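Hi everyone, thanks for coming. I have one structure to walk through today, so please have a look at it with me.

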Amino acid sequence: MATAGKGNTFWNRLLQLPADSALSLQAQLRQQIVSAILSRQLPEGSALPSSRELAATLGIARNTVILAFQQLVDEHFLETRPRRGYFVVQQLPSVAPPASTANADIAARSDGGSETPGPDWSERLPDISGLRAIVKPNDWQNYPYPFIYGQFDPALFPTADWRECSRMALAVLEIRGWASDLIDRDDPLLIEQLQRHVLPRRGVWANPDEIMVTLGAQHALYLLADLLMRDAVVGLEEPGYSDARAIFGMRAREVVPLPVDDSGLRPEGELARCDYAFVTPSYQCPTTVTMPLDRREALLAEAHRHDVVLIEDDYDTENPALTQPIPALKSLDREGRVIYVGSLSKSFVPGIRLGYIVAPSSVIRQARALRRYMLRHPPANNQRATALFISLGHHDALLRRVAPIFQRRAAVLRDMLARHLPQCRVQNSPGASSFWVEGPPGLDARKLGDVALRHGVIIEPGDVFFAADGPSPHFRLGYTGIAEERIEEGVRLLAQLIEHERRR
């Protein structure tokens, strides 16, 4: 079937090259042609227009088309025929049946058309998707006022530095170091960088066999829950990190709320009957309060008295501030009673998904064995690029560069909340990248969040941080993803929406 003679409209519809794509025009063209070939929109043997004709039709340079065609010939998607042009190869790789056929088969089975009905998944599956969790719009960067927590500002991302480290990780000798299956090991260079440059900033000193890399801090918590918490009693701060509550609840016999005050977790009371307790002493999640030294010592003493293992999530401490928070709880641990969880996601980018666990070597040994059966090891190329990023000083330079920017944003947000929401109680410890806000009595922050989203303002309703499911006047505001000049207008609009909701 020849298609070279088809009109320009056909090729414009088939090969769409959006101007806002991050890919080059040549890469977009290759991608579109490959997609059309694999989906059989361009059948085997189909002719393509000449490079001159296609360039004129798409409004791009002829050389771009020629280079795209040549690479597709090298990759055996296209072939050339003397004096005739470019054609789709005659023998394409096998692909799945057309979507229409597959969908028809699925529809027939789901409608009872099959004599052998499939499994009743509602009886087999737990309702994990129904657990309460923090929800963030996928397209949050398109909102004018994203007071969203835990996201980076694309304008501050060190693109050139990360590209340099990625190129270095792709050098021949580097590839030989990370391309093999590490099984249950980690990139030794990354372990070294964590040991020498990242952990000491938090007062934590560890041997290489006491450190393990994870796919972010959340993977670390899930792995620890699977390894340690089956049929255990686990204490969690109240209010506390909702994802930790969900993760521990999947394994533990009971998750016990542990009250917090203006000094963080209170060590007395229910802690005594826990096997494990999850704690965020540097910046309590979500209130941001920092646990003072005397409270930390009391917590360690109570944990020793009742043989409780403490899991410290030292999140947000890589968020730079002029005054660093008190060294980690782990720095005071003399018994190996504190399992330390850290992450590079907050200081770098969430999408890199690299965290780590620091624990006694016996715990790390078993954690590595368990991780092997989960995913073997985090992608070694990402580990190597991140290790290079740290070793070359880019990580420290990034922290220094964004420190004054984040400090100004925090100061502006603090001032605007005081000016426009004086009726609200606001908590924020220096260096914490979010504000915990308690609205006026009767405010339902879930409803406020829905209304605010429709007006372009993203907030995090606070009810999800509490064990009991119900309305709450609390909400969280982050500032790392919003430009400084948008903060005042966003808070003013939020204040108007709160007043509107209060009157309703």
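Predicted model: local features only at pLDDT ≥ 70, side-chain atom pairs only at ≥ 80, totals over all residues.

Now, from the surface to a helix. Please find α7, residues 159–169. Which residues of α7 are buried? They are Asp-161, Trp-162, Cys-165 and Ala-169. Looking down the axis of α7, those buried residues fall within an arc of 95°, so they line one face of the helix. As a reminder, an α-helix has 3.6 residues a turn, so residues three or four places apart point the same way. On the face turned away from the buried side, α7 carries Ala-160 and Arg-167, which are exposed. And what covers the buried residues? The cover includes α8 (172–178), α14 (380–391) and α15 (394–420).

On to the sheets. If you zoom in on the β7 end, β6 (residues 254–261) pairs with β7 in the antiparallel sense, over two bridges. There, Val-260 stands opposite Leu-265 of β7.

There is also an open sheet of four strands, in the order β12-β13-β16-β15, and here the pairing is antiparallel. β12 (425–427) and β15 (460–461) stand at the edges with a single partner strand each, so one side of each has no neighbour in the sheet. The partner of β12 is β13 (residues 434–438), and the two are joined by three bridges in the antiparallel sense.

Finally, let's zoom out to the whole chain. It has 17 helices and 16 strands, and its C-alpha trace spans about 85 × 60 × 60 Å along the principal axes. Of its 504 residues, 48% are buried. Among contacts with a separation of 6 or more, 72% join residues 24 or more positions apart. The accessible surface comes to about 24400 Å², and carbon and sulfur atoms account for 51% of that.

That's my tour, and I'm happy to take questions.

Methods:
Residues numbered from 1 in each chain as written. Heavy atoms only, no water. Buried < 20%, exposed > 50% of the residue type's maximum accessible area, 1.4 Å probe, protein only. Arc of directions from axis to C-beta. Contact = heavy atoms within 4.5 Å. Pairing = 2+ DSSP bridges. Areas by Shrake-Rupley, 256 points an atom, 1.4 Å probe, with all protein chains shown as cover.
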